[in-house]
Amino acid sequence: MFKWLGNWQRLNLLQIYIMYDNLPFYTCDKITIQKFLESNLLERVHESVDYKRSTGEQYTKSILYKYFNLTIRVSFFESGDYKELRSRGSFHYLKNKGLHNADMVNCYDAIEFLISFGKLFDIDLKTLKLTPPEFATMIQLPFDIEKTVQHTFFEQRKGFVVNVPGKPSKISGKVSNDYRLKVYSKHHEFPLYCEPNTLRLEYQAKKMRALHKLGIYTMHDLLSAENWIKIRELHLRYFEHLLIYDYTIRSPKDIRVKRKLHEYRNQIYWENLVKDSKNTDKYNRELVKLNNLSKKYGSNITAEIMIMVSKYWDWFLKTLR
């Protein structure tokens, strides 16, 4: 689809496509590293030096480059040979000249972007091994976004905590977990580029084992439609366990139900259930009860969110079918 273009033309080509929120990679392939450096597209930012243990003389330990918003670090052995290249940053920002990542992309364009990125540097994407990435969906929430994020408490017994003070943004689990989920208002982050009730649900991998189980190891693996379908199922599987108190629930007349709802709207109640190792099943039973009450007396918020997320993925993948 793409012809070999001059550097300035190829840079313009990158403005056509949008990409995943964060798609970091590394490579130890010397030919690939050489091609990155010979592209004349990287801006050299900083060089660090170290001393050889055998002689005490200086040698270049690593060189830091920037490519738009991507950070690319090339490190060296004492001998001067390439050790590895590591890149981190949002491919999504490339299309938007670093201004934001608040628009959306379908799967066809995402795959074409990867192909164009490989051609830009004349590299084989099989040599770019993925490190923990981030994938996100964005939906137009028909509910109050601040109240929804505020009442997002748990997912699979992992508690949500405030991620950005003063903004509707929460993140689950600990840094040591295999993954973390973020639920936040994209409008509060980029009010000029998305609608006020844009809810972003972000899967942040902290380790690669979940993707490795799916057979996803390199950038090249993301050229496969089948692998994107696997990522969809992974994304939905994690988010379907959200525990969100439905703030729209109408107060029922039954005093016992009122008492139970009072408990359910308190995150400490759920924290105590998680801490109680003797009642590991009670948390799940109470979550089912809450969702039933939400369906009966409220807007069924959690289920509605998952329906919208599923539709987003259908839109994302429809260009492949």
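Predicted model: local features only at pLDDT ≥ 70, side-chain atom pairs only at ≥ 80, totals over all residues.
Helix α10, which spans residues 267–275, lies across β8, β9, β10 and β13, and its direction is at about 15° to that of β8. Helix α12 also packs on the sheet, where it touches β7, β12 (198–205) and β13, and its direction makes about 115° with that of β7.

These strands belong to an open sheet of seven strands, which has the order β7-β12-β11-β10-β9-β8-β13 and antiparallel pairing. Strands β7 (134–140) and β13 (242–244) stand at the edges with a single partner strand each, so one side of each is left without a neighbour in the sheet. On average, and with direction ignored, neighbouring strands of this sheet are turned by 20° against each other. Strands of a sheet pair through backbone hydrogen bonds, and this pairing is either parallel or antiparallel.

Phe-154 stands opposite Gly-159 in β9. The two strands form a hairpin with two residues between them, and Gln-156 in the turn has a positive phi of about 45°. Strand β9 also pairs in the antiparallel sense with β10 (residues 169–172), here over three bridges. Val-162 has Lys-170 in β10 as its bridge partner. The hairpin of β9 and β10 has six residues between the strands, and in this hairpin Gly-166 takes a positive phi near 85°.

A further open sheet consists of six strands in the order β2-β3-β4-β5-β1-β6, again with antiparallel pairing. Its edges are formed by β2 (43–51) and β6 (129–130); each has a single partner strand, so one side of each is left without a neighbour in the sheet. Helix α2 (residues 30–38) packs on this sheet and touches β1 (25–27), β3 (58–67), β4 and β5, with a direction that makes about 60° with that of β5.

Strand β5 (residues 82–88) runs antiparallel to β4 (residues 70–76), and six bridges join the two. The bridge partner of Thr-71 is Arg-88 in β5, and that of Ile-72 is Ser-87 in β5. Between the strands of the β4 and β5 hairpin there are five residues, and Gly-80 takes a positive phi near 100° in this hairpin. Strand β5 pairs with β1 as well, in the antiparallel sense and over three bridges. Here Phe-25 has Ser-87 of β5 as its bridge partner.

The packing of helices on one another was examined next. Two packed helices are described by the angle between their axes and the distance between the axes. The axes of α8 (residues 225–239) and α12 (residues 301–317) come within 11 Å and cross at roughly 170°. Angles over 145 degrees count as roughly antiparallel, and α8 and α12 are therefore roughly antiparallel to each other. Their contact is made by residues including Trp-228, Ile-229, His-235 and Phe-239 of α8 and Met-306, Trp-313, Phe-316 and Leu-317 of α12. The residues of this contact divide into ten nonpolar, two polar and two charged.

The axes of α9 (residues 255–264) and α11 (residues 280–297) likewise come within 11 Å, and they cross at roughly 115°. This angle makes α9 roughly perpendicular to α11. The crossing of α9 and α11 is left-handed. Val-257, Lys-260, Leu-261 and Tyr-264 of α9 make the contact with Glu-286, Lys-289, Leu-290, Leu-293 and Tyr-297 of α11. By residue type, the contact of α9 with α11 contains six nonpolar, no polar and three charged residues.

Aromatic pairs were also counted. A pair of aromatic rings is described by the distance of the centres and the angle of the planes. The count comes to 21 aromatic pairs. In one of them, the rings of Phe-36 and Phe-117 have their centres 6.4 Å apart and their planes at 55°, so the pair is tilted. Phe-36 lies in helix α2 and Phe-117 in helix α4 (residues 107–121), so this pair ties together parts that are 81 residues apart in sequence.

Key. Residues numbered from 1 in each chain as written. Heavy atoms only, no water. Pairing = 2+ DSSP bridges. Helix = DSSP H or I, 4+ residues; strand = E, 2+ residues; numbered from the N terminus. Contact = heavy atoms within 4.5 Å. Axes fitted to C-alpha atoms, helices over the stretch in contact; angles between N-to-C directions. Parallel < 35°, antiparallel > 145°, perpendicular 65-115°, else oblique. Left-handed = near helix turned anticlockwise from the far one by under 90°. Nonpolar A, V, L, I, M, F, W, Y, C, P; charged D, E, K, R; others polar. Phe/Tyr/Trp six-rings, centres within 6.5 Å; stacked < 30°, edge-to-face > 60°.
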